[in-house]
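Me: I'd like to learn how to read a model like this one. Please take me through it step by step.

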Amino acid sequence: MITISLKPNSKTPMYIQIYEYIKGEILNGNLSHPEKLPSSRSLASHLQVSRSTVDIAYEQLVAEGYVDAKEKRGYFVNPITHTQNFHVTSPADRPAEPVKIPETFPYDFDPDAVDTSHFPYSVWKSIGKNQLDNPENFISGSHYGNEELRQAISDYLHGSRGVNCSPEHIVVGAGLAHLLQMLCVLFEHGGVIAMEEPGYRSARQVLHSGGFEILDLPLKEDAFDTEALENTSANICYVTPSHQFPLGSVLSIARRQQLLAWASEAPDRYIIEDDHDSEFRYQGLPIPALQSLDHKHRVIYIGTFSKAISPAIRMGYMVLPETLAKAYRERCSFYPCPVPRLNQAVITDFIRQGSFEKHLNRMRKLYKGRHDRMVEAISRYLPEENFDITGDNAGLYLILRYHGPLDEKTIEKRAEKNGIRLRSLRDYYANPPADYLPSYLLGFAGMEDEAITEGIRHLAERVFLSPP
């Protein structure tokens, strides 16, 4: 078990903080051969950073020889001689108290988790086997992603989300973080971007490290404040209109029109639409993408396969307006697509054969059952006068807000002691409001039905309703 300290608001990027800390521990002899480091997934989940952030730190440690990556086994400390002669001090902006990394939690309400046990592995394996026989998958392809995949994505987005685009407007990348990094390059590492508060902190960190000045706009009635946007110097805004992350609200048609009007008022204004989990809505019809209403070509639409299939796929896509697609070809054409061509071919067939749609329908039904199970358990075990839930019509988690006498520190200490992992809503604020109440994102997608019920019961009896 190792400890690690981070400060999200530091000017030093998170991956460098992680890299420097582990490197220092190795040089000081606190980590030695052949100790195993936590998995990147475990470390990212506990530190509440993107997995790509941890992967970059680990890859740098491997590149410099401090750590060895063993396939299917993990990361191990390499033998380093004379470490006792080094003393590496911690950065000045590192917090005094380290964050401990637990191994496992019996009740893990991770809002980022997905269920992979129901994935059609046999179909995936069959497609992969067929694509292995195609020699074209072993030569370099388009820097924007395979044309066949971009066409399949275009067809899927038009049919499911109303997105209007052609393959020439689509860029395939290794997940959201990579796509945002490419946007930083496209916008030449500059500009002022308005972001939702609370919002997706990892996206904020990527854009900030890429040269953007960040303006955090507090939500108004749990939705993006388009009126406040008018009074800023922002030329770009980052929104999650179909399912606000993390509060779960839907941006109304009136505010969508206001947002599009704002973008059309100046030639260099754009909207980044992060459609992070649009596949999973449990009441009513799917919410159309903001891009489907964009007649002035101001919306950059971004999606991934992380929630629909698995985070391990590490594949996403962005749809650029015509002017930006042209600029991308001029400024970024020398950046190769980081997604292996074979993986792209497998995803293409998975979509074209209808397996992707069948999988989504199956998972939507499964997740709705788990969603309903959690709602029922909360109503059974947690008194209504002290709790309320929001964001319960879509997505892979609910937000539980607490109105009782316990403070957050006590709640989280009790939860950890009883093997319950909680993700605080506070972590998604740059500046929590004065009237903030203890609130938690309770993920249900990665839990079996019985674990959901038992987890909520333990949360009630051992955390919230337990005597002092």
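Me: Which residue takes a positive phi just after H11?

Reply: First, a caution: this model is predicted. The residue is glycine 354, with a phi of about 90°.

Me: How many residues does H11 have, and what does it reach from its first C-alpha to its last?

Reply: Compare the span with the one expected at 1.5 Å a residue. H11 covers residues 341-352, so 12 residues, and its ends lie 16 Å apart, close to the expected 16 Å.

Me: Which residues of H11 are buried?

Reply: Buried means under 20% relative accessible area. In H11 that holds for Arg341, Gln344, Ala345, Val346, Ile347, Thr348, Phe350 and Ile351.

Me: Now the whole chain. How many helices and strands does it have?

Reply: The chain comes to 14 helices and 17 strands. Its radius of gyration is 23 Å, close to the 23 Å that the globule rule gives for 468 residues, so the chain is as compact as a globular protein of that length.

Me: What share of the chain is buried?

Reply: Buried residues make up 52% of the 468. Sequence separation is another thing to read. Take contacts between residues at least 6 apart in sequence: 73% of them join residues at least 24 apart.

Me: And the charges: how many side chains are positive and how many negative?

Reply: There are 49 positive and 60 negative side chains. The centres of the two sets lie 3 Å apart.

Definitions and conventions. Residues numbered from 1 in each chain as written. Predicted model: local features only at pLDDT ≥ 70, side-chain atom pairs only at ≥ 80, totals over all residues. Heavy atoms only, no water. Helix = DSSP H or I, 4+ residues; strand = E, 2+ residues; numbered from the N terminus. Rg over C-alpha atoms; globule rule 2.2 N^0.38 Å. Buried < 20%, exposed > 50% of the residue type's maximum accessible area, 1.4 Å probe, protein only. Contact = heavy atoms within 4.5 Å. Lys, Arg positive; Asp, Glu negative; His and termini not counted. Charge placed at Lys NZ, Arg CZ, Asp CG, Glu CD.
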